[in-house]
Amino acid sequence: MKHFPIFMALEGRRVVVSGGGEAALAKLRLLLKTEAKLVVVTEDAAPEIAQWAQDGRLTLIRRAMEPGDALCARLFYAANEDDAEDARVAELAHRDGALVNIVDNLEDSQFITPAMVDRDPVVVAIGTEGAAPVLARAIKKDIEERLSPRLGLMARMGKAFRARAEALPFGVKRREFWADYYAQGVASETDASSSLEALLDKHLTAKPKEGRVDLVGAGPGDPELLTLKARKALDEADVVIYDRLVAPEILELARREAVMLSAGKEGFGPSVTQDAINEMIVSHARSGAHVVRLKSGDPTVFGRLDEEIDACDASGIAWTIIPGITSASAAVAALGQSFTKRGRNSGVRFITGHDTKGFADHDWKTLASEGEVAAIYMGKKSARFIQGRLLMHGADPLTQVTVIENASRPEQRILATTLGELEPTLTHANLTGPALVFLGLAPRAALVAAQHHEMEAAI
Ligand code: SAH
């Protein structure tokens, strides 16, 4: 970000514009919305400017700019549409200590004026640092359409009502009152005032809100793989308790006011205990909060979900499960494969490399048979153990095995190998992100060929 957006107090402050043509007019139309003391210095003022001067809305100095004209000015606009003259007046304004903008000259400007959507006192400023004015206009149009023309009126009425709203306790209750108010439309000032009164009454007499818990799947990492329900829950959450594997881009989507708490769960690193996580969930829900417990992938897959549900049940807290896309689904898609295939396998197993007792035991004999497909979660550390067990039970060392690290994320990596080679290949690859091991699946040949082609083209 080369330019930092701020809203500057201009009430009673001097703002000087040099120039009297179209460029100056465009800036003045915006500046006249403020309460700044406007001064225009120009030898040749457009009739509108002369009229504004006559109406007392600005001061017009009819001569070329001189040293001292921009003294005590907060802002200065060089808008002569003449590079040499703009450079001259900008230099004078610099010396007078004003912040300088040269119209249509980003390089030499100290500040820029954003595109604006004005619902005073609500103002949306849009900037692209000069990179994409067309995009800025499109965004402005989009926001113009979304914001009610009466939003300004609502905000002004709301501001005047703030002291009354303090009858509601600070925090969730007051926030909900305002959210309700801004969610409804109003037609006029009287309408706004009566709806504020009615809403306050409703909120003051409402029964205390019951907390609840949404156990939400955040998917494998790509924010576009979130469900609409998950998005909605994040939009409405008071508290979000998230696992380490949940991608930061997804956490960004949570309601801005939501309290974000890390449950820090990590396969082998330091972690918050499950009891402490349960306690976190329950205590926030008890205090009336809408808790979103955000887990990677699908919460029902190797997520210790039942322990959290039991904790909610034990405290009489309502909960719902919002499913997510499990990482195996994203990983198999990355291979261009399908989990099941007629004639190859009529079932697929989701297994874990680890359980409460350490390396997890499985029906190795069945898994070792031909055509078997399994997605092994948390399989990095246990790869050697799994490899040993399967070979011991007669699996073909040439059985295809694929490891997918960071499925659906920009850093996604695919490692195609065989059961016989799984270790040491995996250790040598030195994967640092979450990874799944697929037994009995290889990337589709066409994908591999395309990748080779790309590599050859790159060489
Ligand atoms: N509930 C999650 C799984 C949690 S267990 C789900 O449905 O996906 C954590 C394991 O999931 C990791 O050890 C890894 O094996 C796997 N995993 C999670 N996200 C992954 C990703 N983006 N790519 C590959 N594997 C992932």
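A residue is called buried when its relative accessible area is under 20%, exposed when it is over 50%, and partly exposed in between, with a 1.4 Å probe and only the protein chains considered. The model is predicted, so that local features need pLDDT of at least 70 and side-chain atom pairs count only at pLDDT 80 or more, whereas totals for chains, interfaces and linings use all residues. Residues are numbered from 1 along each chain as its sequence is written, and side-chain values use heavy atoms, with hydrogens and water left out.

Asn 406 has a relative accessibility of 8% and is therefore buried. Asn 406 belongs to the loop that joins strand E17 (400-405) to strand E18 (413-418), strands being DSSP runs of at least two residues numbered from the N terminus. Apart from neighbours within four places in sequence, Asn 406 is in contact (heavy atoms within 4.5 Å) with Glu 411, Gln 412, Gly 433 and Pro 434.

The ligand is surrounded by 18 residues, of which Val 301, Thr 326, Ser 327, Ala 407 and Ala 435 are the closest; a residue is near the ligand if one of its heavy atoms lies within 4 Å. This shell comprises 11 nonpolar, 5 polar and 2 charged residues, and domain 3 (212-325) and domain 4 (329-458) each contribute at least three residues.

| Ligand atom | Residue with the polar backbone atom | Distance |
|---|---|---|
| nitrogen | Pro 220 | 2.9 Å |
| nitrogen | Ala 407 | 2.8 Å |
| oxygen | Ala 435 | 2.7 Å |

The protein covers 92% of the 540 Å² of accessible area that the ligand has on its own, by the Shrake-Rupley method with a 1.4 Å probe.

Methods. Polar contact = N/O pair within 3.5 Å; in protein donor to acceptor, adjacent residues only side chain to side chain. Nonpolar A, V, L, I, M, F, W, Y, C, P; charged D, E, K, R; others polar. Domains from an automatic or database assignment. Helix = DSSP H or I, 4+ residues; strand = E, 2+ residues; numbered from the N terminus.
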